Amino acid sequence: MRDSPKVELHLHLEGAVPPSFVRGLARQKSIDISGIFDEGGNYRYRDFAEFLKVYEAATAPLTSPEDYHSLTRAVLAESAAHGVIYSETFLSPDFCGARDLGAWREYLHAIREAAEAAEAQDGIILRGIVTCIRHFGPDAAREVALCAAETAGDWVVGFGIAGDETAGKPRDFAWSFDMAREAGLRLTAHAGEWAGPQGIRDTLRDLRVERIGHGVRAIEDLALVDELAEAGIVLEVCPGSNVALGVYPGWRAHPIGQLYDRGVKVTVSTDDPPFFHTTMTHEYDRLSEAFDWDDGVFATLNRTAAEAAFCAPETRAQILKRLETA
Ligand code: ADE
Ligand code: ZN
């Protein structure tokens with residue numbers, strides 16, 4: 001599965017930072033983050049709340065555009081090694097310049113330069129989705145939305161929300177999503193990971209997104225599953241993340257198989273690969289074992305992902321062609 005071409009729609013750039021990378025930067029800058037690692041040098045957390053704290057602590061040594069340049073190169077080299085030909089990554093102005101627009105532009109410039117170099121070297125294409133963080137609150141989200149709107153274009157193509165889904169309500173963030181939509185950005189939101197079907201319904205109604213990050217807990221309400229299928233809402237499913245964080249006890253218990261069988265547009269991504277000891281190859285291998293999925297199913301998932309990508313039509317045509325000729 002490693003070499004088959006893959007499209008990934010849900011990857012957090014900070015969530016993809018390898019522990020060794022972050023340790024190296026922390027050492028250079030004399031920042032002590034030793035508490036976030038276990039004896040094996042991997043990220044240590046027991047539950048989702050702790051995961052969010054460790055995630056944030058791991059961003060502490062990422063203090064400059066140059067750090068994000070190196071990070072982007074490292075992340076894209078790893079993605080390309082697992083067959084990813086197109087990736088959309090969540091970018092957080094909260095961590096890139098503390099939501100200051102001038103600083104954000106500098107971080108974005110460095111990330112884009114790194115993406116161009118990776119495309120020239122490995123052929124992998126990257127696009128950005130600016131994301132606000134739910135537990136940082138609606139006021140911070142507005143500042144993030146302004147950063148997104150000011151830099152919207154052919155590379156920053158989307159706007160989203162991540163973080164603690166139990167904090168606040170989707171409608172608290174409607175202003176930010178309206179602003180992003182008016183700037184021409186396409187919309188996605190994390191929902192149905194930690195909250196149940198009602199969280200997905202509220203998100204669709206109040207934020208009017210076309211994709212949902214995770215969305216897997218829709219399975220608890222089959223009428224909602226039918227509505228998602230009917231409306232063509234795309235789910236950015238990250239099964240390895242759900243299993244690692246304990247949303248489901250194992251791969252066979254994961255609802256992606258049922259969602260696919262019921263006609264929902266599902267796609268597969270890694271979310272925060274080093275945190276969950278996963279890669280795109282690992283996701284595909286585990287899914288193939290758990291649900292007996294063959295190459296035909298994975299081809300369908302990748303076509304769905306390419307069609308749901310937020311990039312320009314010419315880029316989509318290029319990706320679909322590479323998928324077809326594989
Ligand atoms: N940010 C990074 N990973 C996340 C996840 N799985 N859920 C919510 N926010 C996140
Ligand atoms: Zn996510």
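Biologist: At what angle do helix α12 and helix α13 pack?
Modeller: About 170 degrees, and their axes are 9 Å apart. Keep in mind that this is a predicted model. Helix α12 covers residues 295-308, and helix α13 covers residues 313-325.

Biologist: Roughly parallel or roughly antiparallel, then?
Modeller: Angles over 145 degrees count as roughly antiparallel, so that's what α12 and α13 are to each other.

Biologist: Which residues make the contact?
Modeller: On the α12 side you've got Asn302, Arg303, Ala306, Glu307 and Ala308. From α13 come Arg316, Ile319, Leu320 and Leu323.

Biologist: How many of those are nonpolar, polar or charged?
Modeller: Five are nonpolar, one is polar and three are charged.

Biologist: Switching topic: what surrounds ligand 1?
Modeller: Quite a list! Among them are the histidines His12, His190 and His214, plus Phe48, Phe51 and Tyr55. Glu193, Asp271 and Asp272 are also around the ligand, as are Ala162, Gly163 and Ser241.

Biologist: Which side chain has an N or O atom 2.7 Å from a nitrogen of ligand 1?
Modeller: Glutamate 193 has one at that distance, and so does aspartate 272. For glycine 163, a polar backbone atom sits 2.9 Å from a ligand nitrogen.

Biologist: And how much of ligand 1's accessible area does the protein cover?
Modeller: 98% of the 260 Å² that ligand 1 has on its own.

Methods:
Residues numbered from 1 in each chain as written. Chains lettered and ligands numbered in written order. Predicted model: local features only at pLDDT ≥ 70, side-chain atom pairs only at ≥ 80, totals over all residues. Heavy atoms only, no water. Axes fitted to C-alpha atoms, helices over the stretch in contact; angles between N-to-C directions. Helix = DSSP H or I, 4+ residues; strand = E, 2+ residues; numbered from the N terminus. Parallel < 35°, antiparallel > 145°, perpendicular 65-115°, else oblique. Contact = heavy atoms within 4.5 Å. Nonpolar A, V, L, I, M, F, W, Y, C, P; charged D, E, K, R; others polar. Near = heavy atom within 4 Å. Polar contact = N/O pair within 3.5 Å; in protein donor to acceptor, adjacent residues only side chain to side chain. Areas by Shrake-Rupley, 256 points an atom, 1.4 Å probe, with all protein chains shown as cover.
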